[in-house]
Amino acid sequence: MATSKLQALWNHPAGPKTIHFWAPTFKWGISIANLADSTKPPEKVSYPQQIAVTATGVIWSRYSTVITPKNWNLFSVNIVMAGTGIYQLARKIRHDYFNEQTVVAKE
């Protein structure tokens with residue numbers, strides 16, 4: 001039983017012999033690294049990098065459902081990319097524009 005499932009995975013159109021398998025795998029690395037960056041102080045977070053991560057996640061999560069065969073790994077990694085990018089952007093914006101010290105200083 002396990003052998004037939006492994007054989008089915010190996011021969012699947014989105015299996016490990018295709019780029020459709022490896023592209024999301026590398027994107028998981030980017031998502032995990034972006035999540036690990038949440039320990040960085042917000043002033044070290046880059047707007048262009050986080051906008052690129054967020055846009056990539058949003059755009060490709062939509063288009064990953066259109067391709068045939070459907071690649072749910074690609075869809076889920078793009079949802080995570082969009083989520084981590086939005087989280088990092090929110091941290092950066094909150095720090096840059098809604099910091100309590102800045103509000104007090106302007107009054």
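Rings of Phe, Tyr and Trp (for Trp, its six-membered ring) pair if their centres lie within 6.5 Å, and the planes count as stacked when under 30 degrees apart, as edge-to-face when over 60 and as tilted for the rest. With that rule I searched the whole structure and found 2 aromatic pairs.

I note that this is a predicted model, in which local features need pLDDT of at least 70 and side-chain atom pairs count only at pLDDT 80 or more, while totals for chains, interfaces and linings use all residues. Residues are numbered from 1 along each chain as its sequence is written, and side-chain values use heavy atoms, with hydrogens and water left out.

**Entry 1: aromatic pairs**

For accessibility I took buried as under 20% relative accessible area, exposed as over 50% and partly exposed as in between, with a 1.4 Å probe and protein chains only. Trp60 is partly exposed at 43%, and Tyr63 is partly exposed at 46%.

The other entry is Trp72 with Phe75, also edge-to-face, at 5.7 Å centre to centre and 85 degrees between the planes. These two lie in helix α4, 3 residues apart, which is about one turn of the helix. Trp72 counts as exposed because its relative accessibility is 52%, whereas Phe75, at 26%, counts as partly exposed.

I then returned to the ring of Tyr63 and found Arg62 over its face, at 5.7 Å from the ring centre; the rule asks for NZ of Lys or CZ of Arg within 6 Å of the ring centre and within 35 degrees of the ring normal.

**Entry 2: salt bridges**

Side chains of opposite charge can pair when their charged atoms come close. I counted a salt bridge where a side-chain nitrogen of Lys or Arg is within 4 Å of a carboxyl oxygen of Asp or Glu, and the count comes to 2.

Lys92 counts as buried because its relative accessibility is 9%, while Asp96, at 27%, counts as partly exposed. Lys40 and Asp37 also meet through their side chains in a salt bridge, at 4.0 Å from N to O, and Lys40 is partly exposed at 36%.

Thr84 lies in helix α4 and is buried, with a relative accessible area of 8%. Its side chain is joined to that of Asn34 by a polar contact of 3.1 Å, a term for a pair of N or O atoms within 3.5 Å where, within protein, one must be able to donate a hydrogen and the other to accept it, and where residues adjacent in sequence count only if both atoms are side-chain atoms. Contact in general I took as heavy atoms within 4.5 Å; setting aside residues up to four places away in sequence, Thr84 touches Ser31, Asn34, Leu35, Gln50 and Val53.

Trp28 is in helix α2 (residues 19-36) and counts as partly exposed at 28%. Beyond its neighbours within four places in sequence, Trp28 is in contact with Asn73, Ser76, Val77 and Val80.

Key. Helices (H or I, at least four residues) and strands (E, at least two) are DSSP runs, numbered from the N terminus.
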